[in-house]
Amino acid sequence: MKSRYEGSCLCNKVTFRVSGFSEEAAHCYCSMCQKFHGAAFGTLVGVFGLTWHSGFDLLKHYQAENGATRTFCRECGSSLGFRVKDAPIEDIELAIATFNGDIPVKIDAQIYTRYRSNWCRLEPDLPAFEEGRA
Ligand SMILES: [Zn+2]
Ligand SMILES: [Zn+2]
């Protein structure tokens with residue numbers, strides 16, 4: 001298995017590398033993920049050994065009313081990451097779809113499904129939680 005996984009924003013000015021991923025990753029259907037990712041759900045994953053290769057100064061951070069901070073590329077608008085309130089940038093969870101190529105992450109849940117849009121269907125084989133993980 002590889003020990004380096006690289007990702008980037010759409011304009012490729014922000015690039016990063018990680019050495020591993022946390023075990024759990026879920027599709028999140030909360031309304032904030034929907035808005036931030038412009039998609040039916042957001043999928044974020046905890047990472048190990050994160051290094052920013054380029055474009056660190058292009059990262060823009062938006063703090064929502066609940067204190068959670070979402071990070072995106074100032075240049076192209078790509079949704080890159082999420083941090084809980086008061087967490088440092090080192091603890092950022094990254095948007096899984098920004099990685100290049102395959103990564104060893106298994107989605108094991110669907111969360112905040114009560115906020116799901118009517119035009120999007122859940123995956124029948126994945127555990128679903130109306131709010132966060134039980
Ligand atoms: Zn960009
Ligand atoms: Zn969410």
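Two bridges join β8 to strand β9 (residues 93–95), and the two strands run antiparallel. Strands are DSSP runs of E with at least two residues, helices are runs of H or I with at least four, and both are numbered from the N terminus. Two strands count as paired if DSSP finds at least two bridges between them. The bridge partner of phenylalanine 82 in β9 is glutamate 93.

The model is predicted: local features need pLDDT of at least 70, side-chain atom pairs count only at pLDDT 80 or more, and totals for chains, interfaces and linings use all residues. Residues are numbered from 1 along each chain as its sequence is written, while chains are lettered from A and ligands numbered from 1 in the order in which they are written.

Strand β8 spans residues 79–83 and is mostly covered. The hairpin of β7 and β8 has five residues between the strands. In this hairpin, glycine 77 takes a positive phi near 85 degrees.

Strand β7 is joined to β6 by five bridges, again antiparallel. Lysine 60 has phenylalanine 72 in β7 as its bridge partner.

These strands belong to an open sheet of seven, in the order β6-β7-β8-β9-β4-β3-β10. Pairing in the sheet is mixed. Strands β6 (59–63) and β10 (109–111) stand at the edges with a single partner strand each, so one side of each is left without a neighbour in the sheet. The twist averages 30 degrees from one strand to the next, with axes fitted to C-alpha atoms and angles running from 0 to 180 degrees between N-to-C directions.

The protein chain holds one helix and 10 strands. Along the sequence the pattern reads β-β-β-α-β-β-β-β-β-β-β. Of its 134 residues, 28% count as buried. The C-alpha trace spans about 40 × 40 × 25 Å along its principal axes. Among contacts (C-beta atoms, placed from the backbone, within 7 Å) between residues at least 6 apart in sequence, 54% join residues at least 24 apart.

Methods:
Buried ≥ 20, exposed ≤ 12 C-beta atoms within 10 Å, placed from the backbone. Contact = placed C-beta atoms within 7 Å.
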